[in-house]
Amino acid sequence: MSRLLTGGGGGVLIPSRELTAVSADGSRLHVEVHGPDGAPAIVLAHGWTCSTLFWDAQIRALASEYRVIAYDQRGHGRTPAVARGGYTTEALADDLEAVLASALAPGEKALLAGHSMGGMTMMAAAGRPEFEEHAAAVLLCSTGSSRLVAESLILPMRAGGVRTRITRAILGARAPLGPVTPLSRKILKYGTMGPGTASDRVSRCARIVHACPRAARVAWSHVLGELDLEAGVRELRVPTAIVAGAADRLTPLLHARAIAAALPHSLGVTELTGVGHMTPVEAPEVVTAKLRELVTAYVDVSGADRVCSEKEDVV
């Protein structure tokens with residue numbers, strides 16, 4: 001069971017276990033397991049510039065009854081950066097496969113959830129053997145499959161080449177983010193969160209985003225700028241639900257609707273009025289409830305117990 005160290009901001013969660021998953025290119029990924037062994041599993045993949053801390057509200061709410069597995073994408077949090085060329089959608093898929101292989105027993109099914117780039121990770125990995133083996137259902141939060149820069153609304157300009165070029169330059173800027181300040185919080189809120197988002201949630205997101213190393217932030221921005229995972233959407237054959245903010249400027253609602261229309265087994269889009277891009281932080285109760293609903297409906301409790309027991313027998 002995860003432990004809670006008291007302190008500011010509600011305390012710090014200490015995982016039940018920490019693992020190191022090794023990806024196809026040898027990259028080592030930090031993985032956290034919260035909750036009881038043998039419980040139904042939920043795997044969480046965070047988005048660009050974030051870390052496992054992004055899922056804090058969901059882990060706190062769910063880890064008492066589910067096994068919640070969260071990992072840091074390469075170059076984020078406690079997962080080291082990689083050499084130039086190591087940031088690709090193929091690497092996202094490789095990394096997820098490595099996490100699933102290290103944290104789940106052979107044949108064990110889990111609910112897989114991804115926010116933003118984490119959702120793109122699900123699309124990139126769809127159809128791969130490890131994904132097919134372990135995915136019972138998927139939750140996509142605030143994500144898109146292509147044309148991210150062209151469709152972004154962070155600039156109040158008419159759509160077109162000029163807006164796309166300026167947006168690309170902003171998202172790929174090499175300037176350090178520096179310390180969190182009132183101005184930086186205001187900028188982050190405008191670009192990524194809804195207008196009514198509580199100040200403590202804005203501050204929490206700002207601390208997470210500003211902690212992302214500049215090299216990884218810039219490298220992944222180039223990948224996202226050229227993203228095309230529409231084929232991956234069509235490979236997501238498991239039941240897939242979507243949560244999206246109606247005030248999302250980074251991945252506007254048109255992305256969620258397009259993905260839902262292309263999915264082989266869509267469970268529909270939950271559209272959140274007044275919510276921006278950071279749905280798990282802005283609307284934690286909604287995202288947590290959706291995770292609980294999906295894991296209850298699609299992850300077999302007896303199956304989780306069985307594969308855990310088999311894994312222990314092998315050990």
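Student: Which exposed residues does the face of helix 13 turned away from its buried side carry?

Tutor: That face carries E285, T296 and A297. Exposed means over 50% relative accessible area, buried under 20%, and partly exposed in between (1.4 Å probe, protein chains only). Helices are DSSP runs of H or I with at least four residues, strands are runs of E with at least two, and both are numbered from the N terminus. This is a predicted model, in which local features need pLDDT of at least 70, side-chain atom pairs count only at pLDDT 80 or more, and totals for chains, interfaces and linings use all residues. Residues are numbered from 1 along each chain as its sequence is written, and side-chain values use heavy atoms, with hydrogens and water left out.

Student: Which residues of helix 13 are buried, and how do you know that they are on the same side?

Tutor: The buried residues are P284, V287, T288, K290, L291, L294 and V295. They cover an arc of only 160° around the axis, so they are on the same side of helix 13. The arc is that of the directions from the helix axis to the C-beta atoms.

Student: Why is D95 called buried?

Tutor: D95 has 0% relative accessibility, and therefore counts as buried.

Student: What makes D95 and R74 a salt bridge?

Tutor: A salt bridge requires a side-chain nitrogen of Lys or Arg within 4 Å of a carboxyl oxygen of Asp or Glu. The closest N and O atoms of D95 and R74 are 2.7 Å apart, and the two residues form a salt bridge. D95 lies in helix 2 and R74 in the loop between strand 6 and helix 2, so the pair ties together parts that are 21 residues apart in sequence. Salt bridges with shared partners also join D25, R74 and D95 into one network.

Student: Is D37, by its relative accessible area, buried or exposed, and why?

Tutor: D37 is exposed because its relative accessible area is 52%. Its side chain meets that of R17 in a salt bridge (3.7 Å, N to O). R17 has a relative accessible area of 33%, and is therefore partly exposed.

Student: Why does M157 count as partly exposed?

Tutor: M157 counts as partly exposed because its relative accessibility is 35%. The residue is placed in the loop between helix 5 (148-151) and helix 6 (161-171).
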